[in-house]
Amino acid sequence: MNNNWPHINNEIKAILPQKQKEEEAFKGTILEGRERKYTIINERDREKYLTPEEKRKLDSALFHYLSKIEDGRARDGKEPFNSYLVVNVDEPYSNEIAETIKRNGHLK
């Protein structure tokens, strides 16, 4: 019996690129070193930078996948979707908001 598999598997893992946990976009901000938890699309950016065809494709994909996520959340007994307040970390008041969130145990 060949028992080299664990050794070979570890060698392959060592040469493959590892998933980066730290979000590159957070460098130099109060979130530096953190993993991204949310993806936000600014509607004004969508309107300004996407062609009508790109907007149609994005809307279609979002509708499809968000419907699946909503269905899954409902099956898990959760609300189908959440609402969020969004703060851009380059705003001068973002540190104050982060401190409030930390005090409430949601940002460690």
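Which helices each supply at least two residues of the lining of the largest pocket? The contributors are H2, H3 and helix H4 (94-103). Helices (H or I, at least four residues) and strands (E, at least two) are DSSP runs, numbered from the N terminus. The structure is a predicted model, in which local features need pLDDT of at least 70 and side-chain atom pairs count only at pLDDT 80 or more, while totals for chains, interfaces and linings use all residues. Residues are numbered from 1 along each chain as its sequence is written, and side-chain values use heavy atoms, with hydrogens and water left out.

The protein has 4 helices and 0 strands, and its elements follow the order α-α-α-α from the N terminus. Of its 108 residues, 9% count as buried; buried means under 20% relative accessible area, exposed over 50%, and partly exposed in between (1.4 Å probe, protein chains only). The accessible surface of the protein is about 10100 Å², and 54% of this belongs to carbon and sulfur atoms. Accessible areas come from the Shrake-Rupley method with a 1.4 Å probe; for residues, only the protein chains shown count as cover. Among contacts (heavy atoms within 4.5 Å) between residues at least 6 apart in sequence, 26% join residues at least 24 apart.

The largest pocket holds about 1900 Å³ of space. It is lined by 40 residues, and those closest to its centre are Tyr38, Thr39, Ile40, Tyr84 and Val86. H3 gives the most to this lining, with 7 residues. On a 1 Å grid over the protein atoms alone, a pocket is an open set of points where a 1.4 Å probe fits, with protein on both sides within 12 Å along at least five of seven lines; lining residues have an atom within 4 Å of a point. Grid points are joined across faces, edges and corners, and a volume is the space filled by probe spheres set on the points.

Tyr38, Ile40, Tyr84 and Val86 also form a nonpolar patch on the surface, with about 450 Å² of accessible area together. Patches consist of residues with over 30% relative accessible area and no salt bridge, nonpolar side chains (Val, Leu, Ile, Met, Phe, Trp, Tyr) being joined within 5 Å and like charges within 9 Å. Ile40 lies in the loop between helix H1 (5-15) and helix H2 (43-49), and counts as exposed because its relative accessibility is 55%.

Side chains of opposite charge can pair when their charged atoms come close. The structure holds 7 salt bridges, each a side-chain nitrogen of Lys or Arg within 4 Å of a carboxyl oxygen of Asp or Glu. One of them joins Arg46 and Asp59 (2.6 Å, N to O). Arg46 lies in helix H2 and Asp59 in helix H3, so the pair ties together parts that are 13 residues apart in sequence. Arg46 is buried at 12% relative accessible area, whereas Asp59 is partly exposed at 36%.

Lys55 is placed in helix H3 (residues 52-75) and is buried, with a relative accessible area of 15%. Apart from neighbours within four places in sequence, Lys55 is in contact with Arg46, Glu47 and Leu50. Glu47 and Lys55 form a salt bridge, with their closest N and O atoms 3.1 Å apart. Glu47 is partly exposed, at 47% relative accessibility. A further salt bridge links Glu53 to Arg56, with the closest N and O atoms 2.8 Å apart. Glu53 and Arg56 are 3 residues apart in helix H3, and therefore separated by about one helical turn. Salt bridges that share partners join Glu43, Arg46, Glu47, Lys55 and Asp59 into one network.
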